Amino acid sequence: MQVYPLSKSKKLNNLCRDLSRVLNSNSFFEELSKFDGFEYSSDSDGVVDGNEVADAIKYCTIDARVILYRPWWRWSKVNGYFNASKAIDRIYINKYSFDKRDYRSCANTIMHEIIHLVDHWDKERSFSHGSNSPIGKAESAPWKIAKLVVDKFF
Ligand SMILES: [Zn+2]
């Protein structure tokens, strides 16, 4: 899968380019396959592991499109979201916090939302993180894989 920017921003362009590169690299899939079952995940035979998420990413037929938006409340704490009922290929990123945060932090947010997109696309498995509180979610697929990507590839 590829990641494309829908808003004009050099930083966003670069992030989409770099994330596309990671999402199509063998070294990423190798690292990902080392993870045992993710918390908050499930499929027909138990939990979902890194190999299964790697397969989902490889076979995902949807390319991610990232758009910067201005939340109606200027100080919204939301950094980004994916909402399948709005669009199955869109990742919405809060422009105000995007402009303030560093490159790696923004890469983390976009990668997190990409996992939600792939999770939604994959009807056989579920690998999200329940409620939106980040507390105790480090071992869920979105948090753990986004951290891997930033730690190893950014
Ligand atoms: Zn999330």
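Which residue stands opposite Gly80 in β5?

A: Gly80 stands opposite Ile93 in β5. The model is a predicted one, in which local features need pLDDT of at least 70 and side-chain atom pairs count only at pLDDT 80 or more, while totals for chains, interfaces and linings use all residues. Residues are numbered from 1 along each chain as its sequence is written.

Strand β5 comprises residues 90–94; strands (E, at least two residues) and helices (H or I, at least four residues) are DSSP runs, numbered from the N terminus. Four of the five residues of β5 are buried, a residue being buried if 20 or more other C-beta atoms, placed from the backbone, lie within 10 Å of its own.

Two strands pair if DSSP finds at least two bridges between them. Strand β4 (residues 80–81) pairs with β5 in the antiparallel sense over two bridges, and Tyr81 has Tyr92 as its bridge partner in β5. With β3 (residues 64–69), β5 pairs in the parallel sense over five bridges; here Tyr69 stands opposite Asn94.

A nonpolar core is a set of buried Ala, Val, Leu, Ile, Met, Phe, Trp, Tyr and Cys residues joined through C-beta atoms within 7 Å. The largest such core has 33 residues, and Ile91 and Ile114 are among those with the most contacts inside it. Both β5 and α5 (103–121) are among the elements that each supply at least two residues of this core, and α5 gives the most, with eight residues. Leaving aside neighbours within four places in sequence, Ile114 is in contact with Val3, Ala64 and Ile91; contact requires C-beta atoms, placed from the backbone, that lie within 7 Å.

Helix α5 also meets another helix. The axes of α1 and α5 are 10 Å apart, and the two pack at an angle of about 60°. They are therefore oblique to each other.

Methods:
Buried ≥ 20, exposed ≤ 12 C-beta atoms within 10 Å, placed from the backbone. Contact = placed C-beta atoms within 7 Å. Axes fitted to C-alpha atoms, helices over the stretch in contact; angles between N-to-C directions. Parallel < 35°, antiparallel > 145°, perpendicular 65-115°, else oblique.
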